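Trainee: Could you take me through this model step by step, giving the general idea before each case?
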Amino acid sequence: MELPPFKTKMVEPLTMRTRKEREGLIKKAGYNLFFINSADVMIDFLTDSGTGAMSENQWAALMQGDESYAGSSSFIRFKKAVQKVLGFPFVIPTHQGRGAESVFNTVLLNDGDSVTGNSPFDTTRAHIENRGSKIIDVTSGEAFSKKSLHGFKGNVNLKKLERVLIKNKTIRYVLLTITCNSVGGQPVSLENIRGVAKIAKKCSVPLFYDIARFAENSFFIKEREKRYRNWPISKIVLETMRHADGVLMSAKKDAIANMGGFIAMRDPLLYKKLAPQAILHEGFLNYGGMSGRDMETVAKGLYEGIEESYLRHRIEQARYLGESLHKAGVPVLRPIGGHAVYVNASEFLPHISWDRFPAHALAISLYIEGGIRGVEIGSLMEGRNPETGENRKARFELLRLAIPRRVYSREHFDYTIDVFKKIVKDKGRIKGMKFNYESPILRHFSSTFKLLS
Ligand SMILES: Cc1ncc(COP(=O)(O)O)c(C=O)c1O
């Protein structure tokens, strides 16, 4: 067991609801866990985004927040941290990751363009499609193999990437998501990153990363790629970034901040192109939708997020939960990813067809049984094909249990494992779901449902 490299200084009480109360609450929420108040959740694995516990140093830094509109010293510290940790000279702050996606894609993409890379996250996909562009997925086949225990399931299939880039002249950039959330928080190896960069360069297509979880990715590189075993995480991070033209960041993940994001890049011309769009939608270039206080927490969090002892403990937490569920007969994606455990709901509940959303049905059961909140990552989140309007069948029907940073302890995980053990015994009673109201965009957030009888 990894000793947590921190101790608790402040506590947040949990409200204990009964099973009966939860049955009523979820019904009232239209069987959508996004409509449940957090006070009615005992263990919240909905997301690891913005939900981390800040350190005493981050809280102290808040007091230095400079809320000046222009020339804020908080921005100067923020920019310096991005430059030092990631190595990119130009930085545009945004209110969160999707702010960066919006600014970036509005400038880079037009109707009929394409983007290729390893399975982008849902908001990224939505922003790309919102520009009338499409995504050509070149994630390696390992990512979709239930049996494979490959250490870098987020990798790109390099042959496929090269074919796609040679054949398709509408591709405006290659996007590498590290770690790859959509296939289970799986890492990308440095060897693969180098291969991607080489091909992108050969085909004269720029390479960008979505680095929401770059520190976790670097930890996996250290753990699994022999060559980097003795490298400090900070050096692996810089080596990773060296191959990219720029990055999009949601600072709510590996910068352990509650809010924030940015675009960082090498090319001053790209900076000039992005800047007006950023000002229009995010705010002036010295704050981009964040308060000075937010920027201070990101500046500190970028350094804390790459501390090896913190990363080892964090990755170990996910592994403990995932491997314990596996032993209890709950099918999970393995190896366990960095920030979350993904339950394979179609395998766990084979009696529920994909268009009855088995992972969502399991999420509802988990809430009713134990007050634990996870999220569906499957055909519900995948949405409809924008061209045909048909439901898209996702590759996997997953229930994601995302682990907030520095928040939960071993007892919370043991409780979760016990609740799953109860569900395993009675899983045949879980029924599928259908829409009561279907939201037209990012439908998992705001649709309501009915339980099928
Ligand atoms: C890989 C990845 N990219 C982008 C985003 C979007 O970031 P944000 O939630 O800050 O808008 C997320 C959010 O979960 C993510 O996981």
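Mentor: Helices (H or I, at least four residues) and strands (E, at least two) are DSSP runs, numbered from the N terminus. In residues 44-416, the span is 43% helix and 13% strand, and its end C-alpha atoms lie 11 Å apart. Residues are numbered from 1 along each chain as its sequence is written. The model is predicted, so local features need pLDDT of at least 70 and side-chain atom pairs 80 or more, while totals for chains, interfaces and linings use all residues, and side-chain values use heavy atoms, with hydrogens and water left out.

Trainee: Which residues come nearest to the ligand?

Mentor: A residue is near a molecule if one of its heavy atoms lies within 4 Å of it. Of the 15 residues around the ligand, G97, R98, D210, S250 and K253 come nearest. Helix α4, residues 97-108, gives the most to this shell, with three residues.

Trainee: Which distances separate polar side-chain atoms from an oxygen atom of the ligand?

Mentor: A polar contact is a pair of N or O atoms within 3.5 Å. For Q96 the distance is 2.8 Å, and for S250 a polar side-chain atom lies 2.7 Å from a ligand oxygen atom. The protein covers 96% of the 380 Å² of accessible area that the ligand has on its own, with areas computed by the Shrake-Rupley method with a 1.4 Å probe.

Trainee: Is C180 buried or exposed?

Mentor: Buried means under 20% relative accessible area, exposed over 50%, and partly exposed in between (1.4 Å probe, protein chains only). C180 counts as buried because its relative accessibility is 0%, whereas C203 is partly exposed, at 21%.

Key. A polar contact is a pair of N or O atoms within 3.5 Å; within protein, one must be able to donate a hydrogen and the other to accept it, and residues adjacent in sequence count only if both atoms are side-chain atoms.
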